[in-house]
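Morning, everyone. Please have a look at it first.

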Amino acid sequence: MGLFDLAGQLLGQGQGDDSKSQLLQAALGLIQNHPGGLQGLLGKFQESGLGDHVASWVGTGENLPIQGEHVEQALGGEQLAALAQQAGVPAEQASGSLAALLPDLINHLTPHGQVPQEAALPEGLGGLLGKLMS
């Protein structure tokens with residue numbers, strides 16, 4: 001499933017559209033505002049024992065999936081709770097949605113198998129968010 005398919009699911013019609021949109025914005029904000037940017041966020045997942053997963057997201061092959069508990073382990077309960085509150089959903093729902101979204105999101109932000117320079121990322125995130133929200 002591609003990023004736009006996944007975003008379509010997250011932003012699809014029906015109840016909770018606002019919280020789904022907020023979760024997508026939270027995921028993009030997490031990448032943009034994380035200390036060290038995308039590289040710093042990927043480092044958190046690597047430190048949590050998910051180095052092979054991170055390599056698959058950045059690489060050009062198939063993305064290895066993660067579970068909500070992996071997101072909580074990498075981000076920590078406090079940061080996950082803040083993201084969940086921002087989106088207006090329970091932390092368990094936020095962790096599951098982020099687990100589904102982050103591999104494809106990171107894959108699309110690293111199209112050539114390399115993490116882009118930090119200066120290029122905000123522009124890419126803004127353009128991606130604009131495309132997904134329109």
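Let me start with how an axis is drawn: it is a line fitted to C-alpha atoms, for helices over the stretch in contact, and angles run from 0 to 180 degrees between N-to-C directions. Helices (H or I, at least four residues) and strands (E, at least two) are DSSP runs, numbered from the N terminus.

Two notes on the source. This is a predicted model, where local features need pLDDT of at least 70, side-chain atom pairs count only at pLDDT 80 or more, and totals for chains, interfaces and linings use all residues. Residues are numbered from 1 along each chain as its sequence is written, and side-chain values use heavy atoms, with hydrogens and water left out.

Now the overall make-up. The chain has 7 helices and 0 strands. Of its 134 residues, 45% count as buried. Buried means under 20% relative accessible area, exposed over 50%, partly exposed in between, with a 1.4 Å probe and protein chains only. Contact means heavy atoms within 4.5 Å. Take contacts between residues at least 6 apart in sequence: 66% of them join residues at least 24 apart.

On to the helix pairs. At what angle do H4 and H5 cross? Roughly 115°, and their axes come within 6 Å. H4 and H5 are therefore roughly perpendicular to each other. The cut-offs: under 35 degrees is roughly parallel, over 145 roughly antiparallel, 65 to 115 roughly perpendicular, and the rest oblique. Val71, Glu72 and Leu75 in H4 meet Gly77, Gln79, Leu80 and Leu83 in H5. That contact splits into 4 nonpolar, 2 polar and 1 charged residues. Here Ala, Val, Leu, Ile, Met, Phe, Trp, Tyr, Cys and Pro count as nonpolar, Asp, Glu, Lys and Arg as charged, and the others, Gly among them, as polar.

Next pair: helix H3, residues 37-58, and helix H4, residues 68-75. Their axes come within 8 Å and cross at roughly 110°. That makes H3 roughly perpendicular to H4. On the H3 side we have Leu41, Lys44, Phe45, Ser48 and Leu50; on the H4 side, His70, Val71, Gln73, Ala74 and Leu75. The tally is 6 nonpolar, 3 polar and 1 charged.

The axes come within 8 Å and cross at roughly 95°. So H5 and H6 are roughly perpendicular too. H5 brings Leu80, Leu83 and Ala84, and H6 brings Ala91, Ala94, Ser95 and Leu98. Count them by type: 6 nonpolar, 1 polar and no charged.

What sits in the core? The largest nonpolar core has 32 residues, and Ile31, Phe45, Val71, Leu105 and Ile106 have the most contacts inside it. Such a core is a set of buried Ala, Val, Leu, Ile, Met, Phe, Trp, Tyr and Cys residues joined through side-chain atoms within 4.5 Å. H2 (17-33), H3, H4, H5 (77-87) and H6 (91-109) each supply at least two of its residues.

Look at Val71. Leaving out residues up to four places away in sequence, Val71 touches Phe45, Ile66, Gly76, Leu80, Ser95, Leu98 and Ala99.

Two last residues. Ala26 lies in helix H2. Is Ala26 buried or exposed? Buried, because its relative accessible area is 2%. Beyond its neighbours within four places in sequence, Ala26 is in contact with Leu83 and Gln86.

Val89 lies in the loop between H5 and H6. At 10% relative accessibility, Val89 counts as buried. Val89 and Leu23 are 66 residues apart in sequence, yet 8.6 Å apart in space, C-alpha to C-alpha.
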